[in-house]
Amino acid sequence: MPAVKQAVQQEADLKGKLKEVFGYGQFRGTQEAIIQNVIEGKNTFVIMPTGAGKSLCYQLPALVLPGTAIVISPLIALMKNQVDQLNAFGVNAAFLNSTLSKAETNRVKKDVISGEIRLLYVAPESLTKDETIDFLNKATISFVAIDEAHCISEWGHDFRPEYRKIRGIIDNLGTNVPIIALTATATPKVQLDIQKNLQMDDASVFKTSFNRTNLYYEVRPKHNTKKSLIQYVKQHKGKAGIVYCLSRKKVEEIAELLKVNDVRALPYHAGLDPHVRMANQDAFLNEDADVIVATIAFGMGIDKPDVRFVVHYDTPKSIEGYYQETGRGGRDGLEGNCLMFYSYDDIVKLEKFNKDKPVTERDNGKLLLQEMANYADSAVCRRRQLLHYFGEVFDKDCGFCDNCRHPKERFEAKEEVLLALKAVVQTEDRFGLDHIGTVLMGMKNAHVESYGHNKLPVYGQGKDHDAAFWYSLLRQALLNGFLQKDIESFGVVKISAKGLDFIENPHSIKLTKDHNYEQEVQEEEEKEEVQQAAGHDETLFEMLKSLRKKMAKEKNLPPYVLFQDPSLKEMATTFPTKMDELAHVGGVGQGKASKFGTSFLNMIKKYVEDNDIETASDVVVKSAVNKSKIKIYIIQQIDKKMDLEEIANSKGLDMRELMEEIEHICYSGTKLNLDYYINNVLDDERQEEIYDYFMQSNTDNIAVALKELGTDDYTEEDLRLMRIKFLSEVAN
Ligand SMILES: [Zn+2]
């Protein structure tokens, strides 16, 4: 058959197979070219973002070629998932791993040797066993696919040492077994490392763009994070979303917080009972829950096309992880919102987690975190940054991220860029950003002096700006292609042709300064304070005050026992009209709300109606921590009349901390009887004196009480104990 005709024939066959087995009428993107390459027995390297149809690139050739394809995959759960899916398509696929019984293992091996099994999934660990190698030597192997190939690279975010042995193992399988390596995440550095390690420099590389045009990227500083999260989730009411947290404990806490705020949310993490975990995952997939709160364990191998938002409640460990997790949003090409809460404290915390790792891994982890912080801090288009990170050129702003939507003021940076580029040239393309900044600022350290960089013409010429300025500017020079990263030596930057051209012909260039989140948060807080100061409705506040006065008189109690001023102000700000809303006002609680609240609620309701005020109950964050375990424990022990010191000891608290917990319980409206304890430390007469004081005072402030009653006779603890007794008896 003439070659052209043969090619046409083969093309038709592949399409036929695609339709027949997988039910698709068309290939997507570069799939067909990749498959062709594998079938021709060439080494193939595929870099394709999540959801673009990566698995098909080795599944289809396995059906066409004689023999069995070996698929190396890092996760047992993922293997089973894929094998199940293939079996459902009628494809004979199996896996070999530690979950199989001896008999099952033998059957799989027999079927591979007889050539019945088209795809065999194995973990890299099982491949290192002699018996596995012996068995594979008896089989006909069509090719080896290495999934999640970024695990090979220690420069990546998911390094697995056993992955570095794969090349040696493949060499044992006979001559010229073709390889296809696939990953959804690889920086140019990682890409090079994978190819080197697998000795496949000759491979055809297929790289699909990482640009997910329908995803909106946004970063917010961690400030009022819980409130911000609830508002965000409510803005997307009824839509599917994932909230990622770093710890299991945080997952539980946030899932609970969302639940009490009327969001259909469920937790997912590795510490849950497997049945519960599966049930929660299914509930999310079947739309019985809207939001899944999860550790990053969630999402691998999950294919839900209509996830509308992905929130990182904690700052992720790497851009790779962040990109993969956000990639689970909007897989159907429709709406996908990605919000990350950022705090430098998170970066510091994550760095501490790394401290027990081997040196290379630790240093690499630190660099990945630095990139994460850079991304968050930068006011440059998020998409440009992400794509640049994955080695793609994208030389315009996207218009569809927070930094594009709310641009920071730009400044003319022609002179500074020129200076920075000259510094890179004069230090001979051999240093990282920090060092170049140091030279520009004219600072001395051993490094600078040993290289004689204090004698360079650029030395000290940038002393009008600080280190943060130069760091940010140099990164923007990278983004703009004036500089490039040296792939061979990590952290080093080099001048590019475009950079040299700029030095020859400098032109106007506008850059932005990084975000200063600390300042942004401070400004926001000040604004909130001003709003709060003037924020409450003065008329209603005065009305509530006189109601309090009247009721206190009737009940023969000091007014503050009913509600204190800050609580009334909050009522005049948030306008609670239902009992449970009132109970969530600071300093009120369930007990006080039901005991004194009715008249206040009626007054607020009438006022709201008369004045046509919109209540802001949807902005009120209901707290899930009211009845935390420790508080329940304390209430139970006090009921059993356990000694307070003993309670404190058993929970590792000091007395002061315990008192604070008890006060918190009391102020949220729970009646506590501490008489058994108080009677031991204070005689009746002294108890009476303090009690009377609180009855007549205008405030329950302890410092004021101490001054009034005298520190000679009473300790602060005495007064605090009596205040609890007093409030429990008259207020709760
Ligand atoms: Zn943008």
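1. Helix α15 (residues 359–377) has 19 residues, and at 1.5 Å a residue these should span 27 Å, which agrees with its end C-alpha atoms being 27 Å apart. The expected span is taken as 1.5 Å times one less than the number of residues in the helix. Helices (H or I, at least four residues) and strands (E, at least two) are DSSP runs, numbered from the N terminus.

2. Two remarks on provenance belong here. This is a predicted model, in which local features need pLDDT of at least 70 and side-chain atom pairs count only at pLDDT 80 or more, while totals for chains, interfaces and linings use all residues. Residues are numbered from 1 along each chain as its sequence is written.

3. Which residues of α15 are buried? They are Asn-364, Gly-365, Leu-368, Leu-369, Met-372, Tyr-375, Ala-376 and Asp-377, where buried means that 20 or more other C-beta atoms, placed from the backbone, lie within 10 Å of the residue's own, with exposed meaning 12 or fewer and partly exposed in between. These buried residues pack against β8 (215–221), α13 (319–326), β13 (336–342), α14 (344–353) and α16 (382–389).

4. Strand β1 (residues 44–47) is buried at each of its positions, with Thr-44 and Val-46 pointing one way and Phe-45 and Ile-47 the other. It is joined by four bridges to strand β6 (residues 179–183), and the two run parallel, with Phe-45 standing opposite Ala-181. Four bridges also join β1 to strand β7 (residues 204–207), again in parallel, and there Thr-44 stands opposite Ser-204. Strands are said to pair if DSSP finds at least two bridges between them.

5. Met-579 lies in helix α27 (residues 579–583) and counts as partly exposed because it has 13 C-beta neighbours inside 10 Å. Leaving aside neighbours within four places in sequence, Met-579 is in contact with Ala-593, Ser-594, Gly-597 and Leu-601, contact meaning that the C-beta atoms, placed from the backbone, lie within 7 Å. Its C-alpha atom is separated by 8.3 Å from that of Gln-590, eleven residues away along the chain.

6. For the chain as a whole, the domain assignment, which is automatic or from a database, gives domain 1 (12–207), domain 2 (215–395), domain 3 (410–513), domain 4 (535–619) and domain 5 (627–730). The centres of domain 1 and domain 4, taken over C-alpha atoms, are separated by 66 Å. The chain holds 35 helices and 17 strands, and 36% of its 732 residues count as buried.

Conventions: Contact = placed C-beta atoms within 7 Å.
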